[in-house]
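Here is a friendly first tour of a protein model. Please keep the sequence and the 3D view open as you read.

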Amino acid sequence: MSDKIFSNQAKTTAISSTLNRRALLATAGAIGALSVLPRPLWAAGSAENEIRPFTYSASDAQLTELRRRIGETRWPEKETVSDQSQGVPLATMRELARYWATDYDWRKGEAKLNAYPQFITEIDGLDIHFIHVRSNHENALPLVVNHGWPGSVIEQLKIIDRLTKPTEYGGTASDAFHVVIPSMPGYGFSGKPTATGWGPERMAKAWADLMKRLGYTRYVAQGGDWGAFVVDQMGLQAPEGLLGIHTNMPATVPADVDKALLAGAPAPGGLSAEEEGAYAQLVRTFKQVDYARLMATRPQTLYGIADSPVGLAAWLLDHNDADAQPAAAVASALNRTASTTGELTRDEILDNITLYWLTNTGVSASRLYWEYKGGFFNKKGVNIPVAVSVFPGEQYEAPRSWTEKAYPKLIHYNKVEKGGHFAAWEQPQLFTEELRAGFRSLR
């Protein structure tokens, strides 16, 4: 199926530059904000710099096939425990599958995605899909936002209007952002790498190239989960125009603490109570990341998640890092049909899973774990302005003491009252307020 998507993109590329200009101007007229781009979306005489409008519509045949495959799932027997220690319970998956096959409507999620302007451009030999929404407020700050695994750009849909239209969500015009949200290589509608080398370091450079291509000469970057790795790398690379980064999964662990963690040793002496608490959280986390170890060593073996929708769903749901975090927020969402305050709902979880299915990116997304060879929560040496938000449901709550040493140009540090690993998805208003506060000094 994904080959069809990308063959269609190739056809789009082949359209003459005149038609591309017309299409882009029509898109700009339809959505208003894009009509004031700082430079044309196309680059005259350079096909590789061209930016093409993009929308997606799954075929009825694809959705019928999805429901058929769900209905023909060969189920295992029930788990032999009364908790979730053996994985996602059979009853949970059966009920989710029933709803997915009979009541869930992908078209609603598709419409949410297509409500925002999307584009495709080639960077470093690979098609990159991204959402780009400009604010109507003068002096809005350009922002590139990075998703992670097992997420997609769907994670950030609820923060777009809050960031671009702040006066409608408790902010002021001076809080406005222009928002760019790319799909990581191998995820969603971006291209799937056919060779090795697409790790966070290369993505960091690609996002800097993307922001430059869009005409932004000064901008900030945000990331959580794998996106946090990417923005740390952007901070290390410090491309021209990058003013600072915000992370909701900071890499702050000192070298001696990280060494003890990797060795399975007791915590080093001299830690404060807060630091000892963080160490205990990290010990617990590293004991419960078997899914990550498998993707880091044998991602190609995951044929089942490319063949079975239920297999894919279970794999994306089961990422128990620490006391069921971050999976706790996802699991609770499976019983929530609506939310007036932005919490995750069952349909939003299925929107993300269905996107993985329709694009057949379960395995290609997993390869990112194989690509990355560096440390995880250890400090990286970032020496540009950094804003940090610590959510209570994250794998570990980074102490201020560690954070100040890891990011010597720390411009914001706050422990948020609620929310977890999927902060933008779980608590979009709180997340938005953190970005406003975190980057205020850089405007």
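Setting aside neighbours within four places in sequence, G188 is in contact (heavy atoms within 4.5 Å) with L355, T359 and T361. This is a predicted model, in which local features need pLDDT of at least 70 and side-chain atom pairs count only at pLDDT 80 or more, while totals for chains, interfaces and linings use all residues. Residues are numbered from 1 along each chain as its sequence is written, and side-chain values use heavy atoms, with hydrogens and water left out.

**Around G188**

- G188 sits in the loop between β5 and α7 (200–213); helices (H or I, at least four residues) and strands (E, at least two) are DSSP runs, numbered from the N terminus.
- G188 is buried, with a relative accessible area of 10%; buried means under 20%, exposed over 50% and partly exposed in between, using a 1.4 Å probe and protein chains only.
- From C-alpha to C-alpha, G188 and T359 are 6.1 Å apart in space, although 171 residues separate them in sequence.

**The sheet**

- Nine strands form an open sheet with mixed pairing, in the order β1-β2-β3-β5-β4-β6-β7-β10-β11; two strands pair if DSSP finds at least two bridges between them.
- At the edges are β1 (51–54) and β11 (410–415), each pairing on one side only.
- From one strand to the next, the twist averages 25 degrees.
- β1 and strand β2 (residues 118–123) run antiparallel and are joined by four bridges, with F54 standing opposite Q118 in β2.
- Helix α6 (residues 157–164) packs on the sheet, where α6 touches β3 (126–133), β4 (141–146) and β5 (177–182).
- The direction of α6 makes about 160 degrees with that of β5; axes are lines fitted to C-alpha atoms, for helices over the stretch in contact, and angles run from 0 to 180 degrees between N-to-C directions.

**Helices that meet**

- Helix α3 (residues 60–71) and helix α4 (residues 90–102) have axes that come within 9 Å and cross at roughly 150 degrees.
- That angle makes α3 roughly antiparallel to α4; under 35 degrees counts as roughly parallel, over 145 as roughly antiparallel, 65 to 115 as roughly perpendicular and the rest as oblique.
- L66, R67 and I70 of α3 make this contact with A97, W100 and A101 of α4.
- By class, the contact of α3 with α4 has five nonpolar, no polar and one charged residues; Ala, Val, Leu, Ile, Met, Phe, Trp, Tyr, Cys and Pro count as nonpolar, Asp, Glu, Lys and Arg as charged, and the others, Gly among them, as polar.
- α4 also packs with helix α15 (residues 346–359), at an angle of about 80 degrees and with axes 12 Å apart, which makes α4 roughly perpendicular to α15.
- Here E95, L96, Y99 and W100 in α4 meet R346, D347, L350, I353 and T354 in α15.

**A covered helix**

- Helix α13 (residues 309–317) is mostly covered, with seven of its nine residues buried.
- The buried residues of α13 are P309, V310, L312, A313, W315, L316 and L317.

**Backbone details**

- Most residues other than glycine have a negative phi, and most peptide bonds are trans.
- N139 has a positive phi of about 65 degrees although it is not a glycine; N139 lies in the loop between β3 and β4 and is exposed, with a relative accessible area of 67%.
- D225, also not a glycine, has a positive phi of about 50 degrees, and D225 is buried, with a relative accessible area of 12%.
- W149 and P150 are joined by a cis peptide bond, with omega about 0 degrees, and P150 lies in the loop between β4 and α6.
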